[in-house]
Amino acid sequence: MNPTHSPGHCRPHEHLSRRALLKGALATTAGATVANWGGIFNTQAVAAEAAKRGKRCILLWMNGGASQLDTFDMKPGRPTGGPFREIKTKLPGYRMCEYLPKMAQQVDKLGIIRSMRTQSPDHPDGIYHMHTCYKQSERMPHPELGAMVAKYLGKADADLPSFVRMGPTGNAGAGYLGPRHAPFDLGRTGALPSFTSPYLPAANESRRSDLWRFMEAEHRKERGAEPFESHRVAKERAWRLLRAKSLFDTSKDWPAHEALYGATDFGRGCFLARKLVEAGVPFVEVGQDNYDSHADNFVCHKANLQVLDPAWSGLLTDLERTGQLSDTLVVWMGEVGRTPQINNRAGRDHFIRGWTIVLAGGGIRGGVVYGATDADGRDVAEKPVSEGDLFATIYTALGVDPRAKHYVGTRPIWATPEGSKPIKELLA
Amino acid sequence: MNTAAHLLCAAAGWGLALLVSAGAAEPPLREVIDGHLASHWKKSGVATAGRASDATFLRRAFLDLVGTIPTYDEARGFLDDKALDKRARLIASLMADERYPAQQAQAWDLALFGRNPPNSDATRNRSAFRQWLTGKLARNEPFDQWVRALLLAEEDGSELFYVQFQNRPEDLTEVFSRIFLGTQLQCARCHDHPYSKLTQQDFFGMAGFFVRLVSLDQGTTGSGNQQVRRFRVGEKRSGEVLFAGNMKEAQPGRKGDPVKPRFLGGAALDEPALPAGFKEPEVKTGTKSLPKPDFSRKEKLAEWATTPANPYFARAAVNRLWARFMGRGIVHPVDDFGADTPPTHPELLDALTREFIAHKFDLNWIIGEIVNTRAYQMDGGGPAAVTPPKHFERARIRPLTAEELQAALRTAGGTPADTDNVRNEYFLRYFGDPNNGQGDFQGGLGEHLFLNNSDNVRNFLRRKKGNFADSLLLSTEPWEARVDRMFLTVLTRLPSAAERAKFVAYLQSDTKPEPLVEEALWVLVNLGEFRFNH
């Protein structure tokens, strides 16, 4: 018999993103919690359903600023080249750093921008600028990339936050987009923030919530204005989030993924990011410390890259394996590049005249190396890319209008500055 | 004195007498306001809300005027009062309450600094400034006078408005113009304004008044949370802002030309030349004071800004005060008077401005008139989609500020101040700025995780010796009466029959009443009805 769909009986995947989940939970007796999220979400049906929900984005944030010369834009044999050797990649003719061997095999998935020319040379301003595509000195409350993605790709009635980040990450928050799109900050390996542990036993919590709902329903008859509604929705979200709490716990499934991502905090963060986007979170940022190698650049990078290589390539592999890579944009960047000149402490300082950012996955054409620096990497030789151009490319790949208009008071503000252009060559 | 002069004086005196007698015959401003609004509603066919219940009005007036909710006794007393003039009497007594100037100072502080003022080292602890301003408001010093003192920044505690913009005369220009002139100059900082007549010359002309200000660090006093960094504001005799043309065409290294100060929409400043051989005193780290210059730009600005003849000052002020109580400016947003934001009620705005000046910028008088209107005392109910109400046809709904929420929790919980162990910074973090860029309320996840799971909130609600939960548990009254007391204490109203029945059943649903009382109180303070001033 061809099973028909009767009202009141949902197919499992419909429990995913909507209030159906909440209703399902409410129908059970007081204190019952939603079934094991990990279990629900690791099914193929669910992945297919999740894919329908539009694009998502994972930002791998290289805090301090990774060196382009010791990763994707090597200058072997030049005075600026440094001691690292090149290795062949999957892309004929393109070579990259020996300490990223796994990523070298994933180059067919990458859009590599070697011609970033940016404006903010230091950490706080650079972190702000590379998260918002606007200058910090304007003193305008610009939202971070994650908040913008949360606004346009998040669902108001989702059970999980729309913007999750962990480790060293951005510093701007939701800005003028407001608290609905504010980041939800996890610890480095996914530990939940303050105030996510109920102080009441589950049964008390549940009867208390029911009494609250009764009162709100009474009140709603008289007062339906938007602020009241916004209050109700946010309260329900806070409860749903706690019911989905087990999703943030990777203790059970991490051992099976440790080999793929590497046994590091950053690797585990990448794995959690993969789980979260699969569960419908549209934006996750994972930060890796610390690339600010003013001294001993090569020691620093060798260590960091060996953490980065399995984590990043593991993430791409895992996204592909679970059918999510085509909908998940993975961005690799930091706030600055590093100077071609090697200083007298074997370090490299901050550099914004020509550095590298890498995109992969959803909406991006793989196997493309865009732009170039000159022979010693001292400046962009062709196709300079600004912060605005980068963000326009990211937004376009995600299906967000780069010229979306917002207001701060009466002043109009756009998602990217005037004149920003998406890089067509990188868009799938 | 010659005859002609005598005549002039006599005529002037007579004119004054006429003005006074005419004033006496005029209806009070509250009636003028209601008259304007009524004719506007009639003309545009706007349906209006009814009069707010006594309970609703009571809560609203308490929050707006003294920054917290009424206690049970205050609520009971007001609701039981049968006198017809009880609302007017309540308003008068709240305005005489010692919490009133502090609450009004808090509102001005938020306008002048926002939640994240620049120069955070200096502005984090603003207790000295608030004390200064609260003192002014407690004496009901006329608005023009205390603003003049603020702009001169010579009184102890008054300096911080300038200090937040140390070495940023352009930022100061934007904020000064927005708050005191109701004019948005920031567009003209980078380019001539696309929609108005404002040009970059207007912007830099105003910035010229601020460019010579210097913040002089006086060191810190106190320690820990009480640590305050003190400043004095000095003024140099030389120095100009430089104007380098449209920002888009800016070239590195091109510094621009000096711009002379000019009053917005008015004349250039008439400034005497520097005295021969003048040498600017050096300002170094550790410089504590500067000699007063023989010509002070800030004095000229303070004088121009606050004179009754200034076309912006009084209008911007009444519009801001109106919005504070009515939820929306007659010009909206409050600080954007311009061609594309015409006043919704131009004659009303004229009347408010005129009367505010005629009453010598008396803040208490005009606030009293506004909150005594029928318009302020309307209901805010209904499934209204448009907030704030464009025609003032019903009351606005505004979220409680972080400070009000904390005070209201303290009142509701019967918690003596200083015993609640509450971390103020959490309240600021989760309730400090609940709006998006356009001022619309947004409920955030963080706010609710905090309300749901934090001891900082629970401390107000759980049983402690002598607090409200304790008194409910010790009481031998029937639960019906205790539920009434809970509602009146927390929500400033009595429960409906259904609510009463539900709560009575809830509170008896288990053998241990203590957790139930705490949970029921938690429910009440977590309602939208508690979260907003409506």
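Two salt bridges turn up across the interface of domain 1 of chain A and domain 2 of chain A, where a salt bridge is a side-chain nitrogen of Lys or Arg within 4 Å of a carboxyl oxygen of Asp or Glu. Arg180(A) pairs up this way with Glu226(A), with 3.9 Å between the closest N and O atoms. Keep in mind that this is a predicted model, where local features need pLDDT of at least 70, side-chain atom pairs count only at pLDDT 80 or more, and totals for chains, interfaces and linings use all residues. Residues are numbered from 1 along each chain as its sequence is written, and side-chain values use heavy atoms, leaving out hydrogens and water.

So where do the domains lie? Domain 1 of chain A covers 32–190 + 251–426, and domain 2 covers 195–249; such bounds come from an automatic or database domain assignment. Taken over C-alpha atoms, their centres are 34 Å apart.

| Item | Value |
|---|---|
| Area buried between domain 1 and domain 2 of chain A | about 1,500 Å² |
| Share of that area from carbon and sulfur atoms | 55% |

Contact here means heavy atoms within 4.5 Å, and buried area is the accessible area (1.4 Å probe) that two parts lose on being put together, summed over both.

Methods
Chains are lettered from A and ligands numbered from 1 in the order in which they are written.
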